[in-house]
Amino acid sequence: MTGKGHRISTFAFVLGATGSPLAATMSLFGSTFPDSSEYIFFGKRRNRYHRRYTHWFVPWLLLVYTCFSRSGWIVPRISALVDGRGAHLDVWSCAGFWFMGCLLHILEDAWCGTVPFLRPWKRSVGLHIFHMSKKIGQMSRGEINFVLCTVIISLFAFGVRFFTVRSFLDFCYTSGKVFNKL
Ligand SMILES: [Zn+2]
């Protein structure tokens, strides 16, 4: 998947799952790191190691678990970070969501290619639901559709948080009253 595809689908997914723009932004920052870390670790030999050690889910999962358990499993609160009281929990949570972005990157890559499963040097699992564009950095039609689906489902989940059955009934009741007055 392209960097753009990773950033959009990760942001949308985390926003839909947590309802927190801060958590989604942290995940967005982490969402391209497994690819960019290959330049740091392997430099020019990057192609030989592409989607291998850096795309093994185990270390990322451990980092996500460590940070989230230190945070007390909370979603980061901007108010606590500004206030400073108990903010260390929110800082751990922010770090957890940054690594969550890395973990989701691997899952997203597994939709369109293969990533390692048990052996980090061997790419062995993947679904090939869509193909990547031949042009580097360009999103293929399949990738655009995949990203759009993720965005629509996540926005729906995000909307449901604010638009519960109760608020729907309230909306009907109020608009019914307004309508009667007209
Ligand atoms: Zn990748």
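The model is a predicted one: local features need pLDDT of at least 70, side-chain atom pairs count only at pLDDT 80 or more, and totals for chains, interfaces and linings use all residues. Residues are numbered from 1 along each chain as its sequence is written.

I begin with the fold. The chain has nine helices and two strands, where helices (H or I, at least four residues) and strands (E, at least two) are DSSP runs numbered from the N terminus. In sequence order the pattern is α-α-α-α-α-α-α-β-β-α-α.

Next, the dimensions. The radius of gyration of the chain is 20 Å, whereas a compact globule of 182 residues would be near 16 Å; the radius is taken over C-alpha atoms, and the globule rule is 2.2 Å times the number of residues to the power 0.38. The C-alpha trace spans about 70 × 45 × 25 Å along its principal axes. Of the 182 residues, 33% are buried, that is, with 20 or more other C-beta atoms, placed from the backbone, within 10 Å of their own.

I turn now to the core. A nonpolar core is a set of buried Ala, Val, Leu, Ile, Met, Phe, Trp, Tyr and Cys residues joined through C-beta atoms within 7 Å. The largest one has 26 residues, of which Phe11, Val14, Phe97, Phe99, Met100 and Leu103 touch the most other members. At least two residues each come from α1 (3-18), α2 (21-30), α5 (57-71), α7 (87-112) and α8 (141-162). Helix α7 gives the largest share, 10 residues.

Finally, beyond its neighbours within four places in sequence, Phe97 is in contact (C-beta atoms, placed from the backbone, within 7 Å) with Val14, Ala23, Met26, Ser27 and Pro76.

Note on methods
A residue is buried if 20 or more other C-beta atoms lie within 10 Å of its own, exposed if 12 or fewer, and partly exposed in between; C-beta atoms are placed from the backbone. Two residues are in contact if their C-beta atoms, placed from the backbone, lie within 7 Å.
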